Amino acid sequence: MFQRAIDDFKESAGNALRLTSLAGVAVIAGFVTILFLCAAAFVFVFQNYGLIEACLTGAAIFFLITLIAVATYTIRRNAMKKRAAKTARSAAQSLLADPMLVAAGLQLVRAIGIKKLIPILAVGGLALGLLAGRRDRDDDGDANDNT
């Protein structure tokens with residue numbers, strides 16, 4: 001069970017590193033491209049209209065780029081939150097399907113006894129239900145989100 005979690009972590013870390021380096025190269029290339037386009041737009045507007053109009057055109061171009069970057073960041077952040085919540089739910093469900101965990105649970109029942117274990121399970125079930133209800137409210141957006 002722990003080996004699978006370690007392998008998943010290694011794979012996700014490797015994927016994140018590859019994607020980050022690829023994104024870094026794309027950002028640098030895009031930045032250079034935007035600089036040349038802005039320089040060309042500045043020279044064109046400067047020759048045809050004047051200095052103030054050329055500066056305002058450059059500011060407008062960078063403002064549009066900023067708006068696009070903010071919108072992209074917001075969309076990706078929300079998608080990552082949804083993906084993380086979905087992964088957490090599937091991980092919790094896969095733990096209950098693990099035969100080693102079921103076998104350990106059966107050994108625990110045999111060792112403690114069913115009469116002593118029923119009150120413990122009732123309290124645990126109540127706590128799990130409260131936690132699941134609280135998590136659902138957080139997913140719906142009812143709770144305060146500080147991020």
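Tutor: Start with the word helix: here a helix is a DSSP run of H or I with at least four residues, numbered from the N terminus. F36 is found in one of these, helix α1. One caution: the model is predicted.

Student: What elements does the chain have, and in what order do they run?
Tutor: The chain has four helices and zero strands. From the N terminus the order is α-α-α-α.

Student: What makes the nonpolar surface patch with F36?
Tutor: The residues are I28, F31, V32, L35, F36 and F62, and the patch covers about 610 Å². Helix α1 gives the largest share, five residues.

Student: How many aromatic pairs does the structure hold?
Tutor: The structure holds one aromatic pair. The partners are F42 and F46.

Student: What makes F42 and F46 a pair, and why is the pair called stacked?
Tutor: Take the distance first. Ring centres must lie within 6.5 Å. For F42 and F46 the value is 6.1 Å centre to centre. Now the angle. Planes under 30 degrees apart count as stacked. The planes of F42 and F46 are 5° apart, and the pair is stacked.

Student: Where do F42 and F46 sit relative to each other in helix α1?
Tutor: They are four residues apart in helix α1, residues 2-48, so about one helical turn separates them. An α-helix has 3.6 residues a turn, so residues three or four places apart point the same way.

Student: Which helix holds L56, and is L56 buried or exposed?
Tutor: L56 lies in helix α2, residues 51-96. At 56% relative accessibility, L56 is exposed.

Student: How do you know that the span of helix α3 agrees with its number of residues?
Tutor: Helix α3, residues 99-112, has 14 residues. At 1.5 Å a residue it should span 20 Å, and its end C-alpha atoms are 20 Å apart, so the two agree. G113 follows α3, with a positive phi near 105°.

Student: Where does UniProt place the feature "transmembrane region"?
Tutor: The unreviewed UniProt entry gives residues 21-45, 51-75 and 117-133. In the model, residues 21-45 are 100% helix, with end C-alpha atoms 36 Å apart. Residues 117-133 are 100% helix, with end C-alpha atoms 24 Å apart.

Note on methods: Residues are numbered from 1 along each chain as its sequence is written. This is a predicted model: local features need pLDDT of at least 70, side-chain atom pairs count only at pLDDT 80 or more; totals for chains, interfaces and linings use all residues. Side-chain values use heavy atoms; hydrogens and water are left out. Rings of Phe, Tyr and Trp (its six-membered ring) pair if their centres lie within 6.5 Å; planes under 30 degrees apart count as stacked, over 60 as edge-to-face and the rest as tilted. Helices (H or I, at least four residues) and strands (E, at least two) are DSSP runs, numbered from the N terminus. UniProt positions are given in the numbering used here, feature names are shortened, and annotations may be inferred rather than shown by experiment. Patches are made of residues with over 30% relative accessible area and no salt bridge: like charges are joined within 9 Å, nonpolar side chains (Val, Leu, Ile, Met, Phe, Trp, Tyr) within 5 Å. Accessible areas come from the Shrake-Rupley method with a 1.4 Å probe; for residues, only the protein chains shown count as cover. A salt bridge is a side-chain nitrogen of Lys or Arg within 4 Å of a carboxyl oxygen of Asp or Glu. Buried means under 20% relative accessible area, exposed over 50%, partly exposed in between (1.4 Å probe, protein chains only). The expected span of a helix is 1.5 Å times one less than its number of residues.
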